Amino acid sequence: MSGLGVSAPRLLLRKLHQVMAGHGDAEQRLNEIVRLIAGNMIAEVCSCYLMRAGEVLELFATEGLKKEAIHKTKLRLGEGLVGDIAAQGRPLNLSDAQSHPQFAYRPETGEEEYHSLLGTPVLRGGRVIGVLVVQNRTQRSYTDEEVEALQTVAMVVAELVSSEQMVAATEFSETGGNATLPHHIDGTVLAEGLASGYAMLHEPRIEVFKTLAEDRSVELARMNAAIDGLQVSVDVLLTATNTLFTDESREIFEAYKMFAHDKGWIKKLLDAVRTGLTAEAAIKRVQDDTRSRMKEVTDPYLRERLSELDDLANRLYLHLDGHREFDRRNLERETVVVARNMGAAELLDYDRRQLKAVILSEGTRSSHVAIVARALGVPVVGQCSGIVDLVEQGDFILVDGEHGQIFLRPGEDVQQAFSGNVKQRAVRQAKYAALRDKPNISKDGIKLSLNMNAGLLIDVDHFHETGADGIGLFRTELQFMVRSQMPKVDEQTALYSKILDNLNGAPVVFRTLDVGGDKALPYMKTKPEENPAMGWRAIRIGLDRPALLRSQLRALVRAAAGRDLSLMFPMIAEVSEFIEAKAILNKEIERAAEKAGGAPRTVKVGTMLEVPSIIWQLEHLLKEVDFVSVGSNDLMQFFFAVDRGNPKINDRYDTLSPSLLKLLRKIVVDCEAAKVPVSVCGDMAGRPLEAMALLGLGYRNFSMSAETLGRVKEMALSVDIEKLQDFVCGFCDSRDHSVREQLRSFAQDHGIVV
Ligand code: PEP
Ligand code: MG
């Protein structure tokens, strides 16, 4: 077969254009479309199924199958080949459809005669709204051009279905799965808070609202202008930011430049417009083609290049008139950013005044983007599967970062209920604020230290409002991540001084640079690693590149001249690493003592306990350090060998598991024996039930995000630690998976607010 020579697509599109512009109701036009496709593709059958309420695909039009089956044949999402195409959102090309395990025979259609099948989803705004299928009697496989042609027709069908409302929007329930309707999605709280705003997709998406061109020359001019615009912008980007590039990012942008000028790519785009597509549809068509080639390529280098081409198509789309690239640093209105996942540095790229919340389809609580969001007070709901495909740019969204829910395009009633929640939250916040000046003493009179984690200057500005005793963990890397160049010693000194000034004598523990892993510095060249969390990061970089560590220590020592300095090193796995790092610090202190500014009045040096190996050298370490702080996020990750950023395995092990409690108990016992202060600064410290368990294990010093301080304080004031201690320690030898429920019951029975 194939009647699809070079001029065939153009002919088909012209005819489709006539149908779309013609009269008749939508169903008549859909029938005309399937008839045209069957004729054009020399297929005996062409059918169109549309998605209806309850995720059911209903046969709406057919050429070749029995007409009685129209509106009668229905398949659930995932049922049969049609349901499978809809569920996967991908074309299916089968020479022998009946032998496919998913084949579902429907006698009313008479399709038993047909062997080969090509189907493609009908997509609108990233969602499947139907399926378009052609079938042939013979066992034949359809060519790539035919797959492309059917995809193009599917765009036209999508336009017809939506513009004519062939399936009434009112059919769909709240959870039904249609475009413009309200949606409620359950996710997981990654950062607490309630917020509302307008959706902004972190990665642009090509939306095709009109497939067929009214005037080909107009579309050609639009496409040419967009290509020019893209080429200029890529050239400018490459020269203007020349000095900031690492070799690796330079390579990417060089590749961009090459592709943006690539004659083959440009010709493809212009040819697609010449067949009669709008510029948007042409870009989409070429992008679909790149994507299908990507699936076949196994060579990682080529795949990478193709994915750059894919990204370039997104950029080109933004250069078409009528679209524009959003300026993340200057957002015009309250914004909720929607992404599959995001790095911490990317979050910091957004305009802080207008960034109200983040929704991720992946993400975990201890991922760095969540940590940074908590530092910024930006609520994040993660693990909202499908959100990226459901949301439209500019949709209004309510983000409930208390219960882990989001409401997309909410109705009046939901908005009212939400504003009720906002008021209740304000009441709770007021209650925590009232606790602020109460001393941190447990119900049975034990003194506690409740501190906050920080990393940005804004955290420090808010410090005095939180009622925290001090800053138990200052993640210095955040300051490095928000810059486009490595800050010089003087700049670092000024920054650390400012923090010390603002704190007005309240204690702060600076942690030296913990970069690497998912905390990449845009200007620091590192090779991609297979296992970055266990790779070249934190103190390992500091010791291998002492100049970097030295400059940071110099800045800290200078900033603290005549004052108290507390600092700790991250990711220490062996005592020898601590000793080596401390030697570098000591040199800096000696150096400072000889200079005019002088050395700090006191210096306390500690380490994070994040790598399990160091806990088996604790007796030696404790002789060297002034204090230690448990980084439960990484400790948990390495203890259970569970990637802290992977939602698939995130719930597999509980922080309240007996084995982890036993490890934490050993730490506190050893520290008590050595009379070395110990604190917990990982995420555990900021969760009331976990913090209660830590109190039971013997911990008295916690550092957490400012947002969680009020709740933990409320818990701490209501607890009788004497009673709790034996109960919690008693679980250390349990064989259970978790003791969460037992602890919750204890809290309930003893009036502890968790
Ligand atoms: C930790 O690992 O618990 C910790 C506090 O450090 P970070 O989350 O910055 O890795
Ligand atoms: Mg850590």
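Q: Leaving aside neighbours within four places in sequence, which residues is Tyr699 in contact with?
A: Welcome to a predicted model, where local features need pLDDT of at least 70, side-chain atom pairs count only at pLDDT 80 or more, and totals for chains, interfaces and linings use all residues; side-chain values use heavy atoms, with hydrogens and water left out. Residues are numbered from 1 along each chain as its sequence is written, while chains are lettered from A and ligands numbered from 1 in the order in which they are written. Contact means heavy atoms within 4.5 Å. With its neighbours within four places set aside, Tyr699 is in contact with Val630, Leu664, Ile667, Val668, Val678, Val680 and Leu694.

Q: Which residues touch the most other members of the largest nonpolar core?
A: A nonpolar core is a set of buried Ala, Val, Leu, Ile, Met, Phe, Trp, Tyr and Cys residues joined through side-chain atoms within 4.5 Å. Buried means under 20% relative accessible area, exposed over 50%, and partly exposed in between (1.4 Å probe, protein chains only). The largest core has 125 residues, and those touching the most other members are Phe510, Phe569, Leu664, Ile667 and Tyr699.

Q: How many residues are in the second, separate core?
A: Leu118, Val157, Ile266 and Ile283 are among the members of this other core. Its residue count is 71.

Q: Which elements do the buried residues of helix 25 pack against?
A: Helices (H or I, at least four residues) and strands (E, at least two) are DSSP runs, numbered from the N terminus. Helix 25 is mostly covered, with 10 of its 10 residues buried, including Pro688, Glu690 and Gly696. These buried residues pack against helix 24 (658-674), strand 21 (678-680), strand 22 (701-704), helix 26, helix 27 (721-729) and helix 28.

Q: Which residues that line the second largest pocket are closest to its centre?
A: On a 1 Å grid over the protein atoms alone, a pocket is an open set of points with protein on both sides within 12 Å along at least five of seven lines, a cavity is a set of points where a 1.4 Å probe fits but cannot get out, and lining residues have an atom within 4 Å of a point. Grid points are joined across faces, edges and corners, and a volume is the space filled by probe spheres set on the points. The volume of the second largest pocket is about 1200 Å³. Of its 44 lining residues, the closest to the centre are Glu192, Arg365, Arg687, Glu690 and Arg740.

Q: Which element gives the largest share of the lining of the second largest pocket?
A: Domain 2 and domain 4 each supply at least three residues to this lining. Elements giving two or more residues include strand 8 (188-191), helix 23 (632-639) and helix 28 (740-749). The largest share, five residues, comes from helix 13.

Q: How many charged residues are in the lining of the second largest pocket?
A: Ala, Val, Leu, Ile, Met, Phe, Trp, Tyr, Cys and Pro count as nonpolar, Asp, Glu, Lys and Arg as charged, and the others, Gly among them, as polar. The lining has 12 nonpolar and 15 polar residues, and its charged residues number 17.

Q: Which helix gives the most to the lining of the largest cavity?
A: The structure holds five cavities of 30 Å³ or more, and the largest has about 130 Å³ of space. Of its 14 lining residues, Tyr49, Leu81, Val82, Glu111 and Leu117 are the closest to its centre. By class the lining has nine nonpolar, three polar and two charged residues. Three residues, the most from any element, come from helix 3.

Q: What is the phi of His71 near?
A: Most residues other than glycine have a negative phi. His71 sits in the loop between strand 2 (56-63) and strand 3 (74-76). Its phi is positive, near 65°.

Q: Is Tyr523 buried or exposed?
A: Tyr523 is in the loop between strand 17 (508-511) and helix 18 (539-544). Its C-alpha atom is separated by 8.7 Å from that of Arg483, 40 residues apart along the chain. Because its relative accessibility is 15%, Tyr523 counts as buried.

Notes: Domains from an automatic or database assignment.
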